[in-house]
Amino acid sequence: MRYYEKSLDKNYEKLQDAIKKLYARKGDLLVKINRDRTKQATEECNVWMGSVKKLEKEVLALKAEYEEEKSHKFKSVRLCPRSNLSKRMVEKLFEVQSCWSEGSNFGTDFLVERSAKPIIKAKAPKIEDKPSLSMVFEEILECLKDKRVTRIGLWGQVGAGKTTIMQNLRESEEISELFDIVFYVTLADEGNEERLQERVQHQIAEELQLDLLQGSTDAASKISKRLESMRFLLLLDDVWGTFDLDDCGIYENEKDSKIVIASRHCGNCREMCVDHLIRVPRLSNDEALNLFQERLGRKLYSEFKSLARQVIEECDNLPLLIDKVARAFRRKDDILLWESGLNKLRIWPGTKCDGMDDAFDLLRFCYEELDEDGKVCFLYGALYAEAYEICINYLLECWRAEDFTQDVEEFTAIQKGQEILHDLLDASLLENGEKVKHVRMNKVLRKMAFKILESDDSKCLVKPGKGLQKAPESKEWEQKLRISLMDNKFSSLPDKPDCNNLSTLLLQRNIDLAVIPRRFFESMQSLRVLDLHSTNIAELPSSISCLVCLRALYLNSCRRLLKLPGKIKALKHLEVLDIRGTGINSLPVEIRYLSQLQRFRMSLSKIDGKSRKIRTNHNIILELSLLEELVIDIHPENEWWKQVVRHITQNVAVLKKLTYLSFSIGEYHSTRYKILDCFRHRICWRVKYANGDGNLPLPEVLAEADAFELIGCKGVLKLSDFGIDNMTKIKSCLIESCNEMETVVDSNGITNAVFECLEKMYLSNIPNLQSIWEGLVPQGSLARLNTLVFFKCSKLKKIFSSSLVQQFSDLQHLEIEACHQIEEVTLEAENNGMNAPVLPSLKSIVLVGLPSLTNIWIDDSLDWASLDKTISMCPLLDSHPSWRTVL
C-alpha cells in the first residue's frame, strides 16, 4: 500500500495523459461522423462512445478526490485513503488505455447509412406578417446557432402564439440544415412525471424506429445510445409540469444538440434548466387588426370597421381568441347582429390574473354562438382526456346514441352529426388531430367546457387518465348524467351504483379491470353509450339485460371475452356493436335478436375446431334488416372464414340499408392515408389485404369492391397480377409497404381500358417501385383518376410517359414526397410528341423532399400561376434558372 501512496501524483498524471489521448480519439471520430449527415455511427461505435462518456465521469470523480486529498492539511492521517485512491487510479488507467485501443481499431467502417426518418413538413400558421412572433422565431434561431446555448425556454400567456412558433421551428428549412433530426412532442398538463417521461420516450423512439417494450427499464439507455452521434433538436410544446430529461435518455452530446421548451409558466422553463428565456408577447394592435381582418375577410371588416375595432379590443390581442371570435363574426351580416355579438363579449370579460382564466370567459362567447345541439356535442368532447384524439366515426356514433343528432326532415342522424362537427371545427372549438379522421379539443377549450359542466350541478363525473388505482366510491356515481373514467388503473367497480339517470359510461382502456360486479348495471336503465373496449374482462354480468335503452356497446380488444351472454338479447335498441379483437370467433347467435342493430363489427380470428359452428350461423347477419355497416376483420390462416365471407357476398343484396361493407384480411394499419373519404354519402364495399403472401383469397369479393387496400404483402410484383377483371369497380386504391412491387400495371396482352372507375390512388413506401405502368395504355384507362399520391418510392425516377399522361384528363391533385431518385415529373425524351392540352384539370401540386428533381414540365402548357403549389426541399429545382421565376 505504501508503494501506491508514494506513486499517487505520478499515477494521477498518467491517468490525465491517458484520458486526454482518449478524448482526442473520440474527437477524431466525431469529426468524421459530422462530415456526412447521410450516415451515422454503427451501434458498436455508439456503445464505445457511451463507454468513453462513462469513463469521463469516473475520471472526473477521481480528479475531485485527488484535489481534495492534496488540499488536506493532515496528510499523515490520510495514508490509507491516499493508497486506496492511487490504486483506483491505476485500475482506471488500464480501463482508459484499453478503451483507447478499442477505439483505434475502428478504421473507416464505423459509418453506416442513416436510418432515422427524414423531417416531414406540413403547413404551419404563417408568422411573416406578425413581427412580434417573427422576432421571437429569429431570436430562437440565433440561439440554436450559439454553441453556448443548449436549452431554450419559451413562455407566455395561453393563446399568445407559442405553438405557432414551435410549429414554424419544426418546419423551417434552415432548421433542417442545422440538425440531423427534429423531434416535436406535445405534452398535456395531466399525468405525473413518469407519464410525461414515457410520452417523450415513446415519441422519440417512434421517430428513431426503436422498439421499446412496454414497461422496459432500458428505454433511456437505448435512446441515449442512438442519439449519442446525432445532432438533434427536441421541441417540447405545452409543458405544464417539470421532469428530468436525463431520465428519458436525453443528454447533452458532442454534436451541439438543442432543446426548446414551450410553457405558459416561466418557472417550468427555469426548473428544466434552460440557458436562455424568451417571452412571447401579445400581438401589437396593428398585428391584431391585420389578423382579425384576415380571419374575418377584409370586405366584411370594411362594412363594420368601428364595431370590429371594439371586438378586437375585447380579444386582448391574443391570436387564439382573435381567430375564434373572427370566425364567429363571419356569419353576421347585419349591424344588429354585430352589436349583439359585441355585447355578449363584454358580458364575459377576461380575467387578468396569472394563468388561463383570462381566456375562459372570452372563449365561452364562441360556445354561446352554437345552437343547443352544437353546445351539448361540444361539451361531450370534454369527457375525453386532454390532447386525446377521438375517432370521428366513434364520436358521431356516441352523439347519435345520445340523441344529440335527432333525425330531422332534411338529414339522417349521422349527416346531422357531420354538420355539427363541421360547425365545431369551423369555430375552432374542436381541431383536427394528428391522426387521419380524428379530432381533439384544445386544452383551453376543454377547461372552459369543464367550467360550464361544473355550473350544471355537477352532473358529470370526469376523471380520465388520472392514474386512479381505485374507482370512485358509489356516492360519487349517484345521479350522474355522464361518467368518464377511461385510461385509469383500477381493477374493481362499485357493486350497484345508483345511476338511474346515467346516459354515457366510458371505462375503456382500464387494462386492470377484469371483473364487472354481477349487479353493476341494475340501476342504469337509461344508459345509452357503454364503452368497455381494451379492458381485461372475460364476461359480461347478467345485469347487462337491464340496459334496455343501450344504443352503443364497444367491447373491441377485450381479448379475454369469449362469448356474449344470452341476456344480451334484451338490448332491443342496440344500434352499434363492436366485438373486433375479442375471443369471440363465431357469429354470435344472440345478435339475431338485436333488431335495431345498424353497425356491427367483428373478427374471425385464428382458431381450430370451430368450422361446424360457423357454418350453422351463416344467415344470422342477413337477418339484421336495418344493418348499415358491416366490418369483418379476418385472420388469413383460418380454414373456415372463406365460407362466411362468400355466403355474405352472395346474399348481401338482402340487406337493403347496407351502405358500408368491409373485409380486412390480416392486420396492418396504414400510417398516412385513409381512402374512404370519397364514399361518405355512397355505398362503399371495401377490401383490405394485409401481410399476405401475394395470393389474394376470394377474388370474387374483390370484384365487387369499391375500395382496395393492399398493405405489407410479400411476393407482389404488380397489382395487375390480381386480375384486372377483378378491379373494374375500384374507385379508390391504396398500396403501401409492398416491398417487392416494381410496377402497378403491366398492360402486355391487355386491350380494354383499365381502372376506368379509379378516382384516387395512393402509393406509399414502396421501395422497389420503378413505374406505375408498363406497356401501352389502352384508351379510357384511368380516365376518372383525380388524385395521385407518391410517398417514399425511393427507386421511382419517372412519373408520366407520353401515352400515360394523356389519359389523366381528370387529374386534379398530384403529390410526390420523399422519392429521392425522381428527376423529372414528365420525361422530355418520351414526351416530345405529346398532344396538348395535358392535365387540363390539375388544380394542386405538392413536391416535397425530391433531391434529384431538376425539371417538372417540358413546356409551358400548364398555367403555373393558377395552381396551388407546395414545393420544398427540392434543391436542384430551386437552383434551376428556368424554374426559380415560376416557383
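**A close look at helix packing**

A: Happy to, and let's start with a cysteine: Cys-874 is buried, because its relative accessible area is 0%, under the 20% cut-off. Please keep in mind that this is a predicted model.

Here is the wider setting. The chain has 887 residues, and 54% of them count as buried. Its secondary structure comes to 27 helices and 29 strands. Taking contacts between residues at least 6 apart in sequence, 68% join residues at least 24 apart.

Now to the part you asked about. Two packed helices are described by the angle between their axes and the distance between the axes. For helix H8 (residues 193–208) and helix H9 (residues 219–227), the axes come within 11 Å and cross at roughly 45°. That angle makes H8 oblique to H9, and the crossing is left-handed. On the H8 side, the residues that meet H9 are Gln-201, Ile-204 and Leu-208. H9 brings Ala-219, Ala-220, Ile-223, Arg-226 and Leu-227 to the contact. Sorted by class, the contact of H8 with H9 has six nonpolar residues, one polar and one charged.

Helix H11 (residues 285–296) and helix H13 (residues 305–314) pack at an angle of about 115°, with their axes 10 Å apart. H11 and H13 are therefore roughly perpendicular to each other. Their crossing is right-handed. By class, the contact of H11 with H13 has six nonpolar residues, no polar ones and one charged.

Asn-11 counts as buried because its relative accessibility is 7%. Setting aside neighbours within four places in sequence, Asn-11 is in contact with Ser-86, Met-89 and Val-90.

The structure holds zero of them. Take Cys-713, which is buried, with a relative accessible area of 2%. The closest cysteine sulfur to that of Cys-713 belongs to Cys-738 and lies 5.1 Å away, so the distance is too far for a bond; a disulfide needs the two sulfur atoms within 2.5 Å.

Terms used
Residues are numbered from 1 along each chain as its sequence is written. This is a predicted model: local features need pLDDT of at least 70, side-chain atom pairs count only at pLDDT 80 or more; totals for chains, interfaces and linings use all residues. Side-chain values use heavy atoms; hydrogens and water are left out. Axes are lines fitted to C-alpha atoms, for helices over the stretch in contact, and angles run from 0 to 180 degrees between N-to-C directions. Helices (H or I, at least four residues) and strands (E, at least two) are DSSP runs, numbered from the N terminus. Angles under 35 degrees count as roughly parallel, over 145 as roughly antiparallel, 65 to 115 as roughly perpendicular and the rest as oblique. A crossing is left-handed if the near helix is turned anticlockwise from the far one by less than a right angle, and right-handed if clockwise. Contact means heavy atoms within 4.5 Å. Ala, Val, Leu, Ile, Met, Phe, Trp, Tyr, Cys and Pro count as nonpolar, Asp, Glu, Lys and Arg as charged, and the others, Gly among them, as polar. Buried means under 20% relative accessible area, exposed over 50%, partly exposed in between (1.4 Å probe, protein chains only).
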